[in-house]
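Please look over the sequence and the structure shown here before reading the report that follows.

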Amino acid sequence: MWRYVYRAVDQHGQVIDVLLSKRRDGHAARRFFERALTTVKVTPTEVVTHKAPVYPRVLDELIPAAWHHVQRYANNRIEADHGRLKHRLRPMRGLRTDRTAQVVIAGHAFVQNLRRGHYEIGYDTHPALRVAASFAELPLAI
């Protein structure tokens with residue numbers, strides 16, 4: 001059973017939003033871009049995607065001023081980040097439900113952002129100890 005994972009990553013490597021969809025169509029793309037835009041609260045000037053035929057129409061409607069970049073290897077940052085998720089999921093032999101997949105993928109993105117230091121929590125510790133320190137500080141931050 002195929003599912004499509006949409007991931008928004010900013011220029012610094014921070015995962016903005018993750019969406020799991022049964023289809024890769026205009027409705028799913030619109031839902032993903034709308035969620036990502038409300039999460040980031042900034043209008044991007046450049047959007048990098050692969051060459052799916054539905055993206056230009058959706059992006060022209062949602063962010064007409066943004067440059068849609070689809071050149072070869074332009075989305076390597078997203079694909080490289082997606083590879084770490086695949087590496088994590090392969091030993092698990094997939095996930096049974098869409099809800100479980102959405103939660104695991106979003107949790108993986110959160111831990112990646114912690115590890116990279118995109119949040120103020122655990123930022124002042126050594127990068128190798130950042131995740132452990134972040135989870136120790138998390139109850140105080142909530």
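## A pair of strands

Two strands are said to pair if DSSP finds at least two bridges between them. In this predicted model, β1 and β2 run antiparallel and are joined by six bridges, and within this pairing Arg 7 stands opposite Val 18 in β2. The hairpin that β1 and β2 form has five residues between the strands, and in this hairpin Gly 13 takes a positive phi, near 90 degrees.

## Two nonpolar cores

The largest nonpolar core of the model has 16 residues, and those with the most contacts inside it are Tyr 6, Ala 29, Phe 32, Phe 33, Val 47, Tyr 55 and Leu 59. At least two residues of this core are supplied by each of β1, α1 and α2 (55–62), while the largest share, five residues, comes from α1.

Leaving aside residues up to four places away in sequence, Phe 32 touches Tyr 6, Arg 7, Ala 8, Asp 17 and Leu 19. There is also a second, separate core of ten residues, which includes Val 9, Val 18, Leu 20 and Ile 78.

## Helix α4

Helix α4 covers residues 98–116, and its 19 residues reach 27 Å from the first C-alpha to the last, which is close to the 27 Å expected at 1.5 Å a residue. After α4 comes Gly 117, whose phi is positive, near 80 degrees.

Which residues of α4 are buried? They are Ala 101, Gln 102, Ile 105, His 108, Ala 109, Gln 112, Asn 113 and Leu 114. An α-helix has 3.6 residues a turn, so residues three or four places apart point the same way. The buried residues of α4 are covered by elements including β1, β2, α1 (26–40), α3 (76–89) and α5 (130–141).

Key:
Residues numbered from 1 in each chain as written. Predicted model: local features only at pLDDT ≥ 70, side-chain atom pairs only at ≥ 80, totals over all residues. Heavy atoms only, no water. Helix = DSSP H or I, 4+ residues; strand = E, 2+ residues; numbered from the N terminus. Expected span 1.5 Å × (residues − 1). Buried < 20%, exposed > 50% of the residue type's maximum accessible area, 1.4 Å probe, protein only. Contact = heavy atoms within 4.5 Å. Core = buried A, V, L, I, M, F, W, Y, C linked by side-chain atoms within 4.5 Å.
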